[in-house]
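Please read it with the sequence and the coordinates at hand.

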Amino acid sequence: MLRTLALILAGGDSPALSTLTAERTEAAVPFGGKFKIVDFTLSNCVNSGIYNVGVLTQYRPRSLHVHLGVGRPWDLDRAQGGLRLLHPSPTPDGGGWQHGTADAVRYNRDFVEEHAVDAVLLLAGDHIYKMDYTPLLELHQERGADVTMAVHSVSPHDVRRYGIVSVGSDGRVDRFIEKPRRSTSSLASMGIYVFRKQYLLDLLAKNDDADFGRHILPKIVGKANTYAYNFQGYWADVGTVQAFYEANMALLAETPALDLYDPEWVIHTTSADRPGVQVGSGARVENSLLSDGCQVHGSVVRSVLSPGVYVSPGAVVRDSVIFGDAWIGPDAVIERCIVDEDVKIGAGALLGDGEDNTPNHGAPDRLNTGLTLVGIHAQIPDGAHIGRNVAIRPRTTESAFGKGNCVKSGSTV
Amino acid sequence: MRVVAMIMAGGEGTRLSVLSEKRAKPSVPFAGKFRIIDFTLSNCVNSGIFDVAVLTQYRPHSLNDHIAIGKPWDLDRARGGVQLLQPYQGRNDESWYRGTSDAIYQNLNFIRERRADLVLILSGDHIYKMDYGAIVATHLRNQSDLTVGVMPVPLDETDRFGIMTTDESNRIVEFTEKPKGRDKGNLASMGIYVFTADALIARLSEGSDDKPRIDFGKNVIPAMVAEDRVFAHHFSGYWVDVGTIQSYWETSMQLLDPSLDFDLFDKEWVIRTRSEERPPVKVGPQARVSQSIVCNGCSIRGTVERSVLSPGVYVSPGAIVRDSVVMNDTWIGPGAVLDRVIVDKQVVVGAGARLGFGDDLTVPNVREPDKLNTGISVIGKSAHIPSGISIGRNVVINADRDTEDFPGGDVASGETI
């Protein structure tokens with residue numbers, strides 16, 4: 001196989017994820033209970049035999065850095081190769097920030113140059129999928145390509161979210177349009193590119209375009225030797241609140257499209273030291289994922305719980321995603337919510353309450369499907385009434401709710 | 001003050017029946033994802049002791065795998081850390097460990113090399129949380145040669161323990177191993193000893209044929225009570241020896257009781273273990289789970305009540321698991337019923353099989369009547385239970401048994417397969 005260096009681009013802000021990415025980069029957002037989004041891409045790397053991985057960070061990287069550590073869960077704590085965290089550092093004039101994916105790779109040219117590899121595999125840190133990169137790299141090698149991009153078909157009304165490519169009968173990419181309003185092709189670029197190393201270095205030296213998808217690929221398609229690799233498996237870009245929620249809920253299906261229990265393709269992650277899930281005598285658990293360290297004494301229905309969540313007696317959690325160490329008070333009812341880490345929900349509080357589906361006033365285009373978000377470390381007072389499409393900012397304290405503790409649908413606290 | 005801990009993990013543990021047939025007792029799974037030795041190892045590092053030896057002898061493979069370089073306990077260190085001490089051959093002599101103190105005697109060089117001032121001797125098969133700093137402090141305060149961790153036990157159980165008689169200064173004046181009479185008091189040795197290293201080395205080195213130094217309880221402690229400063233350290237928390245099937249099962253069930261004074265979720269005293277990489281527990285739409293511990297990697301589509309499930313257990317639709325302990329990666333077929341059974345790893349329970357069947361719990365196991373007589377049946381590792389058969393109470397199914405070992409189908413109470 002080609003000697004390959006993988007670069008995971010995990011530095012961008014993801015405003016569409018609202019409070020979930022207020023204090024962390026998207027790659028470090030919990031997913032499917034005990035995982036973080038980046039685990040899927042990292043596990044794909046090592047499961048494909050790629051042990052040379054750089055993770056490029058910029059936006060709020062602390063939580064990601066803590067999670068990755070020296071790369072031990074992925075066996076990336078190696079003497080040769082292994083995991084490298086690549087973070088920007090300031091130039092004397094105060095610059096040095098990266099302005100896009102290409103800019104980020106350009107900034108780390110030296111790192112790429114000093115690796116004796118044939119190919120550079122560029123990956124996004126915010127996709128949920130299981131993919132063996134070997135066939136992609138083989139295709140790249142067979143065709144002697146300059147660039148090979150992985151593509152996946154998407155539904156036609158979704159083309160505006162992706163870079164859309166048209167592919168000729170020989171697998172060559174004819175056209176690349178970033179986020180078109182309409183398109184005859186529905187093959188989306190997955191943001192996974194294999195570059196011939198020298199071609200990439202020359203390309204980045206020649207121009208100062210900031211972004212692969214927006215600037216570079218549309219330009220080079222047609223000129224360079226560019227091929228597409230059609231990936232057929234499960235792939236989800238969880239870059240919106242609704243997509244993130246749906247991908248979590250999809251794990252609850254009888255036979256989910258994304259099988260987390262496959263011993264041949266383990267998703268590796270940092271497992272915290274937590275005892276097994278404790279289910280109390282009065283508890284009810286139905287169609288849910290529970291992670292180690294959870295204590296359930298109330299009712300949990302169609303929900304995904306990360307490690308260490310405490311559900312008090314009488315509490316009801318329904319159709320929700322709850323992140324680690326959240327504490328849910330007695331008789332609280334949570335419906336269609338995404339509750340972040342270390343949140344405390346007071347006794348008898350109602351979240352996602354009522355039928356009023358007014359979109360969030362601050363972000364009507366992002367929070368409009370009835371989901372309510374509670375940011376990290378927020379404290380919801382006892383007996384609060386919180387409607388739908390509400391965003392509670394991180395670290396909100398009880399005093400922010402004012403008298404009555406009533407938050408109407410569509411508000412932001 | 002340099003303290004090294006030495007954990008005795010070499011004993012055969014016959015009283016745990018098939019659970020310790022293929023592994024040493026300290027590596028028997030417990031409370032879902034833990035092994036018994038995790039509690040002692042975690043106590044060491046939580047007490048700030050990072051010099052630890054684990055003495056192994058009987059079937060150490062599983063234990064070696066589990067401990068390996070000690071990473072989960074932060075015992076993979078450049079200085080100190082964990083060391084596994086197996087019996088070895090020397091040029092002039094060779095022998096298996098003949099007893100607890102003989103095992104230490106054969107490894108006195110470990111104590112010397114780590115330049116220990118105090119040696120903490122521990123047992124690898126107890127479930128408890130204890131800050132060893134306290135017993136070390138007692139030891140130093142009394143300027144003892146030996147301090148023994150003790151706790152009161154019910155007077156009618158004193159014949160299972162080494163019983164200490166103390167004076168008003170807590171100095172031990174008499175030590176009786178498993179006394180038949182009830183006149184020695186009820187302070188039992190927990191098998192936790194702090195020795196001043198020099199005293200330990202001196203006492204173990206003076207062994208001879210007429211003055212054997214093979215076992216702490218039988219030889220060393222009685223000799224030291226007579227000649228050295230030996231004190232008791234009182235412990236008053238939750239402590240159990242899970243060395244029998246009965247106590248193993250009872251202790252597992254106690255963990256499900258929220259009022260138990262033993263919190264696995266205590267963030268100030270984390271019990272560490274080698275966590276397997278498993279996805280979260282999946283509870284299906286028709287499943288029912290109550291009063292149970294279930295671990296990552298389990299898929300539950302049937303009913304689980306008052307049970308402890310280790311990682312990766314699969315409970316099929318219609319199956320019922322009740323009052324049972326089920327270890328890693330066991331598969332329970334559709335409609336199977338488990339009642340009061342301990343099922344080892346990788347067992348396959350066929351569809352519709354009934355384990356722990358029948359209302360009479362009192363027919364003891366024919367081969368091991370003293371160990372299995374309260375209705376608990378035990379299934380050994382990797383056994384395959386054929387579909388549709390019934391297995392009674394107090395039954396032992398040995399490891400690796402398969403369909404051809406069940407020619408008659410059903411297994412009556414008290415049988416061993």
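In which sense do strand β14 and strand β17 of chain B pair, and over how many bridges? The two strands, β14 (residues 281-283) and β17 (residues 299-300), run parallel and are joined over two bridges. Within this pair, Val283(B) has Ile300(B) of β17(B) as its bridge partner. Strands here are DSSP runs of E of at least two residues, helices are runs of H or I of at least four residues, and both are numbered from the N terminus. Two strands count as paired if DSSP finds at least two bridges between them.

The model is predicted: local features need pLDDT of at least 70, side-chain atom pairs count only at pLDDT 80 or more, and totals for chains, interfaces and linings use all residues. Residues are numbered from 1 along each chain as its sequence is written, while chains are lettered from A and ligands numbered from 1 in the order in which they are written. For chain B the mean pLDDT (the predictor's confidence in each residue, from 0 to 100) is 88, and 100% of its residues reach 70 or more. The complex has an ipTM of 0.80 and a pTM of 0.87 from the predictor.

**Sheets and the contact between chains**

β14(B) and β17(B) belong to an open, mixed sheet of 12 strands, ordered β31(A)-β28(A)-β25(A)-β22(A)-β19(A)-β16(A)-β14(B)-β17(B)-β20(B)-β23(B)-β26(B)-β29(B). At its edges stand β31 (391-392) of chain A and β29 (384-385) of chain B, each with a single partner strand, so one side of each has no neighbour in the sheet. β16(A) and β14(B) pair in the antiparallel sense over three bridges, and Leu290(A) stands opposite Val281(B).

A further open sheet, with parallel pairing, has seven strands of chain A in the order β15-β18-β21-β24-β27-β30-β32. Its edge strands, β15 and β32 (406-407), each pair on one side only.

| Strands | Sense | Bridges | Opposite residues |
| β16(A), β14(B) | antiparallel | three | Leu290(A), Val281(B) |
| β21(A), β24(A) | parallel | three | Val316(A), Val333(A) |

Chain A gives 25 residues to the contact between the chains and chain B gives 26, with contact meaning C-beta atoms, placed from the backbone, within 7 Å. On the side of chain A, β14 (277-279), β15 (284-286) and β16 (288-290) give two or more residues each.

**Core**

The largest nonpolar core has 247 residues, and Ile7(B), Leu120(B) and Val294(B) have the most contacts inside it. Such a core is a set of buried Ala, Val, Leu, Ile, Met, Phe, Trp, Tyr and Cys residues joined through C-beta atoms within 7 Å. Beyond its neighbours within four places in sequence, Val294(B) contacts residues of both chains, including Val277(A), Val279(A), Val281(B) and Ile300(B).

Chain A is divided into domain 1 (4-250) and domain 2 (278-407), with bounds from an automatic or database domain assignment. Their centres, taken over C-alpha atoms, are 33 Å apart. In the contact between them, 15 residues of domain 1 meet 22 residues of domain 2. Helix α8 (residues 241-250) gives the most to the domain 1 side, with four residues.

Helix α1 (residues 37-47) of chain A has nine of its 11 residues buried, so the rest of the structure largely encloses it. A residue is buried if 20 or more other C-beta atoms, placed from the backbone, lie within 10 Å of its own. Among the buried residues of α1(A) are Ile37(A), Phe40(A) and Leu42(A). Gly49(A), which follows α1(A), has a positive phi near 80 degrees.

Key: A residue is buried if 20 or more other C-beta atoms lie within 10 Å of its own, exposed if 12 or fewer, and partly exposed in between; C-beta atoms are placed from the backbone. Two residues are in contact if their C-beta atoms, placed from the backbone, lie within 7 Å.
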